[in-house]
Amino acid sequence: MIDLILTSRCTGCNACVIVCPTNVFEPRGGGPPAIARQDACQTCFMCELYCPADALYVGPDCEAPSPTDEATLLASGRLGQYRRDSGWDEWADDPRYANQHWRMDAIFARARAASARS
Ligand code: SF4
Ligand code: SF4
């Protein structure tokens with residue numbers, strides 16, 4: 001579940017607002033978005049993946065928040081971990097972090113087909 005936006009890192013780009021499938025965030029005029037609907041978070045990590053500033057933290061508990069703070073996260077080394085391990089952006093050419101998202105293609109195709117039928 002989304003737990004925190006680090007105001008010290010957030011550039012206000014609103015990429016997280018756009019990619020979140022359940023509209024958890026509310027834009028706030030160029031500043032860090034608000035986590036307006038935390039209960040709607042489905043722990044998909046899309047916001048972490050698309051955040052270019054590694055300014056978000058999604059905790060591993062899907063059912064409940066995992067309270068934390070900026071200092072703890074900055075010291076933890078966990079920020080940006082999902083984007084890195086997914087081999088995105090500056091990690092794209094690093095063989096340690098292969099982008100495996102193509103493996104989801106069949107799942108997305110099934111979802112698209114089911115959506116078209118309904
Ligand atoms: S983890 Fe997914 S559902 Fe939750 S806030 Fe991020 S993008 Fe939205
Ligand atoms: S994607 Fe990251 S930098 Fe952009 S608004 Fe969201 S938290 Fe801030």
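Me: What makes Ile2, Cys20, Cys41, Cys44 and Cys47 stand out around ligand 1?
Reply: In this predicted model, 14 residues surround ligand 1, and these five are the closest of them; a residue counts as near a molecule if its C-beta atom, placed from the backbone, lies within 6 Å of it. Residues are numbered from 1 along each chain as its sequence is written, while chains are lettered from A and ligands numbered from 1 in the order in which they are written. Local features need pLDDT of at least 70 and side-chain atom pairs count only at pLDDT 80 or more, whereas totals for chains, interfaces and linings use all residues.

Me: How many residues of each class are in the shell around ligand 1?
Reply: That shell has eleven nonpolar, three polar and no charged residues, where Ala, Val, Leu, Ile, Met, Phe, Trp, Tyr, Cys and Pro count as nonpolar, Asp, Glu, Lys and Arg as charged, and the others, Gly among them, as polar.

Me: Which residues come nearest to ligand 2, and which elements supply at least two residues of its shell?
Reply: Of the 14 residues around ligand 2, Cys10, Cys13, Ala15, Cys16 and Cys51 come nearest. Helix H1 (15-19) and strand S3 (31-35) each supply at least two residues of the shell, helices (H or I, at least four residues) and strands (E, at least two) being DSSP runs numbered from the N terminus.

Me: Which residues is Ile2 in contact with, beyond its neighbours within four places in sequence?
Reply: Ile2 is in contact with Val24, Ile35, Gln38, Cys41, Cys47, Leu56 and Val58, two residues being in contact if their C-beta atoms, placed from the backbone, lie within 7 Å.

Me: Why is helix H5 said to lie largely in the open?
Reply: A residue is buried if 20 or more other C-beta atoms lie within 10 Å of its own, exposed if 12 or fewer, and partly exposed in between, with C-beta atoms placed from the backbone. Of the 13 residues of H5, the number buried is zero, so this helix lies largely in the open; across the 118 residues of the protein, 19% count as buried.

Me: What makes S2 and S3 a pair, and in which sense do they run?
Reply: Two strands pair if DSSP finds at least two bridges between them, and strand S2 (residues 25-28) and S3 have three, in the antiparallel sense. The bridge partner of Glu26 in S3 is Ala34, and in this hairpin, which has two residues between the strands, Gly29 takes a positive phi near 50°.
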